[in-house]
Amino acid sequence: MKVFFKTLIFPIVLAVAGTVENVRVAIGTTQIAQTQKAAVNAPIPLALPTTADVVLKNGSSMTGQVTAFDPNKQIIQISRSSVSRSLQIAQIKQVTFKRDGLVYTSDGRRVIRGEDNSQAQQSTWKNIPLNAFRFLNPSRGQASVDLATLMNPRDLRGIQGVAVKSLYVADEIQFQTAGKMTIKVTPTDP
């Protein structure tokens, strides 16, 4: 009988040890998958040059820096010198950022955008809900765009891959009906 129990105990110990190891592997795999999903779902950093031309739907225009954006009230604030003006998004046709404007990197360094010598191609991000755009530091034009629910995972991974090495800089924002916008961006090596 003792021999029988000793023989039975050995396979049980092996089975329990194997199960514990499988659980550790499963937990580790789940944590890696969650980390990768969080990285893919992270908002994309976006730089807004400090000078922009704002064209209104009535044909008039103004130049200044976009210093505030409220997606709930659907208002954009444009500032020049010490004068600020708040505009309803419904009044704005587009905001075109000047190529010679200052751009701040995510770590706060200033770069004059100027003419890009890089081979980067302009991308267009369409149908972005207004609340997917967030200012991180309005005075420095540091913002982010949450594209996680808008793009397929493959395209999003491509954009994230570029964002790791380069800074996406806004070229133009067009406002659409139904609370959406289109942003044209170019990745630039600062």
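This is a predicted model: local features need pLDDT of at least 70, side-chain atom pairs count only at pLDDT 80 or more; totals for chains, interfaces and linings use all residues.
Biologist: Thanks! How many helices and strands does the chain have?

Modeller: Both are DSSP runs numbered from the N terminus: helices are H or I with at least four residues, strands are E with at least two. On that basis the chain has two helices and 13 strands.

Biologist: Which strands pair with β3, and over how many bridges?

Modeller: Two strands count as paired if DSSP finds at least two bridges between them. Strand β2 (residues 52–56) runs antiparallel to β3 and is joined to it by four bridges; there, valine 55 has serine 61 as its bridge partner. On the β4 side (residues 75–80), the antiparallel pairing with β3 has five bridges.

Biologist: Which residue in the turn between β3 and β4 has a positive phi?

Modeller: These two strands form a hairpin with four residues between them. Phenylalanine 69 stands opposite isoleucine 76 in β4. In the turn, the positive phi of about 55 degrees belongs to glutamine 74.

Biologist: Is asparagine 72 buried or exposed?

Modeller: Asparagine 72 lies in the loop between β3 and β4. Its C-alpha atom is 7.4 Å from that of asparagine 131, 59 residues apart along the chain. Buried means under 20% relative accessible area, exposed over 50%, and partly exposed in between, using a 1.4 Å probe and protein chains only. With a relative accessible area of 71%, asparagine 72 is exposed.

Biologist: What volume does the largest cavity have?

Modeller: A cavity is a set of points, on a 1 Å grid over the protein atoms alone, where a 1.4 Å probe fits but cannot get out. Points are joined across faces, edges and corners, and the volume is the space filled by probe spheres set on them. There is one cavity of 30 Å³ or more, and the largest has a volume of about 60 Å³.

Biologist: Which elements give two or more residues to the lining of the largest cavity?

Modeller: Lining residues have an atom within 4 Å of a point, and they include Phe69, Ile76, Phe97 and Met181. The elements giving two or more are β3 (61–70), β6 (92–97) and β12 (167–176).

Note on methods. Residues are numbered from 1 along each chain as its sequence is written. Side-chain values use heavy atoms; hydrogens and water are left out. On a 1 Å grid over the protein atoms alone, a cavity is a set of points where a 1.4 Å probe fits but cannot get out, and a pocket is an open set with protein on both sides within 12 Å along at least five of seven lines; lining residues have an atom within 4 Å of a point.
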